[in-house]
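Subject: Structure for you to look through

Dear colleague,

Please find the structure below, followed by some notes on what came out of it.

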Amino acid sequence: MTHVVAHRGYPTVAPENTLPAFAAALRAGATIVEFDVRCTRDGVPVVIHDRTVDRTTDGSGRVWDLTAAEIARLDAGSWFGPGFTGLRVPTLVETLDLLAPATAELLVEIKPPATLDEVKSIIAQLGERDLLDRSVVQSFDADVLRKVRDVAPEVRRGLLLFRFDGETVEIARELGVTYCNPPVDDVLNGPETMAALTAAGVGVMPWTPNDMARWRPLVDAGAAGLITDLVGELTGWVNA
Ligand code: G3P
Ligand code: CA
């Protein structure tokens with residue numbers, strides 16, 4: 001079965017990385033929900049993609065320069081549309097509380113930099129909700145994944161790639177990852193990418209195929225899942 005991986009929730013129907021986006025992803029049939037985690041100045045894990053709050057809230061500044069209380073006051077919905085005014089940047093705890101009762105797996109992307117204490121905090125919050133078995137923790141940053149491995153070796157890990165290259169398989173092996181997730185073009189333009197990763201025993205979930213014409217070639221190439229914004233559409237396509 002091809003996993004339907006909801007990229008930042010269901011960001012075409014609700015603001016990315018917000019509770020309504022995650023709820024919509026679950027309703028639409030996502031089998032994995034992906035989201036991005038950063039820590040505030042006072043060490044609280046929150047769910048937001050960018051280094052700054054500028055694009056997706058009415059505030060400004062870097063996440064790590066703001067306290068959790070300051071971020072909690074921001075409007076994370078108005079930028080998307082008038083119906084979403086007043087939405088908040090969710091904490092990781094709030095996000096996990098929403099996702100925990102569902103059956104979908106979690107693809108938890110830790111954005112660098114992340115200190116060892118921050119990684120410990122993120123893992124602890126997953127553990128407190130009994131979500132470690134249902135989670136894959138991924139990052140573009142190998143050092144973050146080393147910290148995850150050291151803190152919780154039993155938790156599945158995923159290495160995100162900006163580009164597959166000659167060192168990727170060796171790094172994936174060293175990190176002991178379950179998934180290695182390259183950009184779509186690496187898979188479609190370079191058959192050696194999928195061949196090498198499959199031979200190394202890791203699953204591949206390309207990001208972020210929003211062009212439906214690319215779904216069939218990616219699945220035929222062996223993708224374990226597709227990380228997409230078009231959650232409902234991909235669910236319908238997978239189940240057709
Ligand atoms: O899960 C893959 C994808 O989320 C990585 O890119 O920039 O959306 O975090 P980005
Ligand atoms: Ca992400």
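The residues around ligand 1 are His7, Glu34, Asp36, His49, Glu109, Leu160, Asn181, Trp207, Thr208 and Ile227, where a residue is near a molecule if its C-beta atom, placed from the backbone, lies within 6 Å of it. This shell divides into three nonpolar, four polar and three charged residues, with Ala, Val, Leu, Ile, Met, Phe, Trp, Tyr, Cys and Pro counted as nonpolar, Asp, Glu, Lys and Arg as charged, and the others, Gly among them, as polar.

Please keep in mind that this is a predicted model, in which local features need pLDDT of at least 70 and side-chain atom pairs count only at pLDDT 80 or more, while totals for chains, interfaces and linings use all residues. Residues are numbered from 1 along each chain as its sequence is written, and chains are lettered from A and ligands numbered from 1 in the order in which they are written.

UniProt, in an unreviewed entry, places the feature "domain: GP-PDE" at residues 2-238; its positions are given in the numbering used here, feature names are shortened, and annotations may be inferred rather than shown by experiment. The end C-alpha atoms of that span lie 7 Å apart, and the span is 35% helix and 16% strand, where helices (H or I, at least four residues) and strands (E, at least two) are DSSP runs numbered from the N terminus.

Two peptide bonds deserve a look. The bond from tryptophan 207 to threonine 208 is cis, with omega near -15 degrees, and threonine 208 is placed in the loop between α8 (191-199) and α9 (215-220). The bond from proline 112 to proline 113 is also cis, with omega near -5 degrees, and proline 113 lies in the loop between β4 and α4.

Which residues of α4 are buried? They are Glu118, Val119, Ile122, Ile123, Gln125 and Leu126, a residue being buried if 20 or more other C-beta atoms lie within 10 Å of its own, exposed if 12 or fewer, and partly exposed in between, with C-beta atoms placed from the backbone. As a general point, an α-helix has 3.6 residues a turn, so residues three or four places apart point the same way. The face of α4 turned away from its buried side carries the exposed residues Asp117 and Glu128. Among the elements that cover the buried residues of α4 are β2 (32-39), β3 (45-47), α3 (92-99) and β5 (135-139), on the basis of contacts, meaning C-beta atoms, placed from the backbone, within 7 Å. After α4 comes aspartate 130, whose phi is positive, near 60 degrees.

In α3, the buried residues are Leu92, Thr95, Leu96 and Leu99. They cover an arc of only 95 degrees around the axis, which puts them on the same side of α3, and what covers them includes α1, β2, β3, β4 and α4.

Valine 47, in strand β3, counts as buried because it has 27 C-beta neighbours inside 10 Å. Not counting residues up to four places away in sequence, valine 47 touches Asn17, Phe35, Asp36, Val37, Val89, Pro90, Leu92 and Thr95.

One of these contacts, Asn17, lies in the loop between β1 and α1 and has a positive phi of about 55 degrees although it is not a glycine. Arginine 8, in the loop between β1 (3-7) and α1 (19-27), likewise has a positive phi, near 60 degrees, in a residue other than glycine. Are these two residues buried or exposed? Arginine 8 is buried, with 25 other C-beta atoms within 10 Å, and asparagine 17 counts as buried with 25 C-beta neighbours inside 10 Å.

How values were computed: Contact = placed C-beta atoms within 7 Å. Arc of directions from axis to C-beta.
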